[in-house]
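Take a look at the model below.

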Amino acid sequence: MSEGRKLSQPHLLGIRDLTTEDIRLIFDTAVQFKEVLNRPIKKVPSLRDTTIVNLFFENSTRTRISFELAEKRLSADIVNFSASASSVSKGETLIDTVNNILSMKVDMVVMRHPAPGAPELLARKISATIINAGDGTHEHPTQALLDAFSMEEKIGDLRGRHVAIVGDILHSRVALSNILCLKKLGAHVRVCGPPTLIPKWISSLGVEVSYDIRDTLKWADIANILRIQLERQDLRYFPSTREYALYFGIDRAMLEELGQDVIIMHPGPINRGVELTSDVADSSQSIILQQVENGVAIRMAVLYLLAPR
Amino acid sequence: MEDGRVILSSKPFQMVLDRLCYALIENYNDFQGTYLIGIQPRGVLLADRLVARLKDILPDSTLQYGQLDITFYRDDFRKHGKPLEASKTNLEFAIEDQRVILIDDVLYTGRTIQAAMTALGDFGRPSTVELLALVDRRFNRHLPIKANYTGIQVDAVDEAYVKVSWADQDGDDKILIFPQKHEVQV
């Protein structure tokens, strides 16, 4: 225990704002919380006087449970809010909703919202600490942090290593946050998917673009496979999921043919049989469940480091 | 920076460590069912040395030794401008029904020990807990906590700072006292 480093930001709005040192501090803290999670009593009293509201304006299972567990493991008081059961459906604005909640003395807000930039708007208008749990197609910083943390845990330092991000890059906040995070940690990043799902501007982030899944898997140490986000697609970007699976889906036969021990990741939920077959998702090459486990430790670290003091 | 005053130099320092080891042996014999736990970060430096010395004296004993970090249990979390950074906790043996000896370098307000006992409870229910401190600042306690084994007692005003310096970390085994904490490069 020592009075040490602190994050350069008062909120976690996106990976874009974080420095490499910030990411290292979050990882170092998460290692200690991971140890806490393996104790008989998986709980510490650090945030027992902190109240956190989880504002979810969009569906979520994993992220919401993960944040909720992280908050409970830190002994915070929590309030859950989902948009469908609230005054939002009566037409209340975001700022009004949040200000009403904050007048009940809430210290931190974890928010998922379908509009890109919504957490940034809140951070400017209100006094509580904001943590972005996904804003539309923009960023999902804690997912990127837990992905990179899981990668380092598996293969060590990411500097100079090859990481592929495969699938729906256009609609994915996970892709953008992942790219920003991995670049800050010094990895080489390549995106791969159908041309319609890879935006033209993506190369401006310093990533390679490929439309060939086999070549990409050959190149990569790690492949982070993203979900095809059918719910965000306002028009058809590829003819059918069957055709997508045929050209970009990864199955055991393909991995064996490549003779490559590429590590497979997926932020979930998986469309089994589309982007990944079950024999790949459940294989020893996949670290999908470790990602979920690390998610709680990473979120504990972020909450601990940003808690008001 | 004004240098601190040495209150225990290297030679008597070794004698104090030896005395503490023999005091433990007197009570714990071969350390069966006993768990020595150093409190991170500086209590571990003391515990490392005691454990090494105990192994010299009792080569056949099986010592269970671990390190406990109490950062997440501190009650002064809000009083610092920056978050407190945690060190590693490493308790690979079960604590349940063990005789635990907590080890820290300086016993001052007692708050660290209070946090350590709360933390211990999360790992199980030890049969007994004792405390060993190299330095006992007996007039500065904020809580009713007392050490079972002490190296030296130091009577100093609240503002004073006592530092245990270690040969492998700081160049020399000794205990220093400074009039004020900010004069110390920790």
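The questions below cover a predicted model, its backbone and its chain contact.

Q: How many residues does the contact take from chain A?
A: The contact between the chains draws on both sides. Chain B gives 21 residues. From chain A the contact takes 20 residues.

Q: Which residue does a cis peptide bond join to A:Pro269?
A: A:Pro269 sits in the loop between β10 (263-265) and α10 (278-281) of chain A. Most peptide bonds are trans. Here omega is about -10 degrees, and the bond is cis. The partner of A:Pro269 is A:Gly268.

Q: Where in chain B is B:Pro41?
A: A cis peptide bond joins B:Pro41 to B:Gln40, with omega about -10 degrees. The place of B:Pro41 is a loop of chain B. This loop lies between β2 (34-39) and α2 (42-57).

Q: What is the phi of A:Lys105, and is the residue buried or exposed?
A: Most residues other than glycine have a negative phi. A:Lys105 is not a glycine, yet its phi is positive, at about 65 degrees. The residue lies in the loop between α3 (94-102) and β4 (108-113) of chain A. A:Lys105 has 8 C-beta neighbours inside 10 Å, so it counts as exposed.

Q: Why does B:Asn29 count as exposed?
A: B:Asn29 is found in the loop between α1 (10-28) and β2 of chain B. It is not a glycine, but has a positive phi of about 50 degrees. B:Asn29 counts as exposed because its C-beta neighbours inside 10 Å number 11.

Q: What distance does helix α5 of chain A reach from its first C-alpha to its last?
A: Helix α5 of chain A covers residues 141-155, which is 15 residues. At 1.5 Å a residue, the expected span is 21 Å. The helix comes close to that value, reaching 21 Å.

Q: How many residues of α5(A) are buried?
A: The helix has 15 residues and is mostly covered. Among the buried ones are A:Leu145, A:Leu146, A:Phe149 and A:Met151. A:Asp147 is buried too. The buried residues of α5(A) number 11.

Q: Which residue takes a positive phi just after α5(A)?
A: The helix covers residues 141-155. Just after α5(A), the phi is about 80 degrees. The residue is A:Gly156.

Key. Residues are numbered from 1 along each chain as its sequence is written. Chains are lettered from A and ligands numbered from 1 in the order in which they are written. This is a predicted model: local features need pLDDT of at least 70, side-chain atom pairs count only at pLDDT 80 or more; totals for chains, interfaces and linings use all residues. Two residues are in contact if their C-beta atoms, placed from the backbone, lie within 7 Å. Helices (H or I, at least four residues) and strands (E, at least two) are DSSP runs, numbered from the N terminus. A residue is buried if 20 or more other C-beta atoms lie within 10 Å of its own, exposed if 12 or fewer, and partly exposed in between; C-beta atoms are placed from the backbone. The expected span of a helix is 1.5 Å times one less than its number of residues.
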